[in-house]
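Subject: Model with ligand, and notes on its pockets

Hello,

Here is the structure for your set-up work.

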Amino acid sequence: MAAENFFDLTGQTAMVTGASRGLGQYFARALARAGADLILTSRRSEEIAPFAAEMRALGRSVVTLDLDVRERASIERMGEQVKALGGQVQILVNNAGCNVRKPALEVSWEDWNLVLDTNLRGSFFVAQALARGMARHGYGRVINIGSVTSVAGYAGLGPYCASRGGIRQLTMSLADDWGRYGITVNCLAPGWFQTAQNRVMYEDAEWVRYLEDRIPLKRAGLPNDLDGAVVFLASEASRYVTGQTLLVDGGISTGAVRATRQAKAGKKSEGN
Ligand SMILES: NC(=O)c1ccc[n+]([C@@H]2O[C@H](COP(=O)([O-])OP(=O)(O)OC[C@H]3O[C@@H](n4cnc5c(N)ncnc54)[C@H](OP(=O)(O)O)[C@@H]3O)[C@@H](O)[C@H]2O)c1
């Protein structure tokens, strides 16, 4: 008998929010390669057209939708559009997100609202909109995108760390709430991947050297490094996994601790 292919997503539909660039496209491509059809969203869905064409060339059905996750009306409209499409959405990758890098003393109300409304409130209500259909069908996979900041705090990233820590807690709460409907909810937490969101930092070669030295695997993430984790969490392979945070970070979440210890040890030895 042929071995069961736990990772095959043929016949399933995955929605990926924030699919106009960056990690959203990495996730969507990995899911499409595993067989999933796609619903791709962005605030300007026309921007997804070239990527959607690439995914259709893989033989997948692709629908693109406008979605602003900060806007209640936009999320409600998306829910209606998905219902009107008929069929079932089995997989959600809650990827749309943003960041504001500022010392905490300079963070404004507007900065706070932008980051929390997008990353945390948006993820919750997008998940809620799709989970209604998943619950009716008794099956679903919700994958919330977190970050190393879901488990560690960094200066200059107050609202972002709060939103990503919140995503981890929200993941556990939703897993507890929705398990009864056959829906698993997990958090995929990437480390450092070069995208539009952090391009400015990668322009500083010295900073990149410092970063890569702190990563136990000694390099930043590459696009395909997230494929296995997202397909795992989207598929039958993870059927008894829920409420978890899977860090895909080259080990930096452990390395950060190590760097702190080394720094302290270094200081002590200087004193000696
Ligand atoms: N890059 C990393 O190293 C890294 C690490 C850990 C976690 N993350 C997280 O992973 C996600 C993707 O990151 P990325 O680096 O690919 O960022 P990015 O290049 O800036 O892309 C962000 C995506 O989110 C969408 N978006 C932003 N605000 C939105 C809103 N209000 N409504 C709907 N969509 C919105 C954008 O779409 P439109 O502008 O087209 O609407 C875009 O597609 C983010 O949540 C980020 O925080 C990134």
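The notes below take the ligand and then the pockets.

The model is predicted, so local features need pLDDT of at least 70 and side-chain atom pairs count only at pLDDT 80 or more, while totals for chains, interfaces and linings use all residues. Residues are numbered from 1 along each chain as its sequence is written, and side-chain values use heavy atoms, with hydrogens and water left out.

Ligand

The ligand is surrounded by 30 residues, counted as near if one of their heavy atoms lies within 4 Å of it. Ser-20, Ser-42, Tyr-160, Arg-164 and Thr-195 are the closest. By class the shell holds 11 nonpolar, 13 polar and six charged residues; Ala, Val, Leu, Ile, Met, Phe, Trp, Tyr, Cys and Pro count as nonpolar, Asp, Glu, Lys and Arg as charged, and the others, Gly among them, as polar.

Taken alone, the ligand exposes 880 Å², of which the protein buries 97% (Shrake-Rupley, 1.4 Å probe).

Helices α1 (22-33) and α5 (158-178) are the elements that give two or more residues to the shell. Elements are DSSP runs numbered from the N terminus, with helices (H or I) of at least four residues and strands (E) of at least two.

Largest pocket

The ligand sits in the largest pocket, meaning that more than half of its atoms lie within 2 Å of the pocket's grid points. A pocket is an open set of points on a 1 Å grid over the protein atoms alone, where a 1.4 Å probe fits, with protein on both sides within 12 Å along at least five of seven lines; lining residues have an atom within 4 Å of a point.

The largest pocket has a volume of about 1,000 Å³, the space filled by probe spheres set on the points. Its lining has 48 residues, and Gly-97, Cys-98, Tyr-160, Thr-195 and Gln-197 lie nearest the centre. α7 gives the most to this lining, with four residues.

Second largest pocket

This pocket holds about 520 Å³ and is lined by 24 residues. Helix α4 gives the largest share of the lining, 11 residues. By class, the lining has eight nonpolar, seven polar and nine charged residues.

Regards
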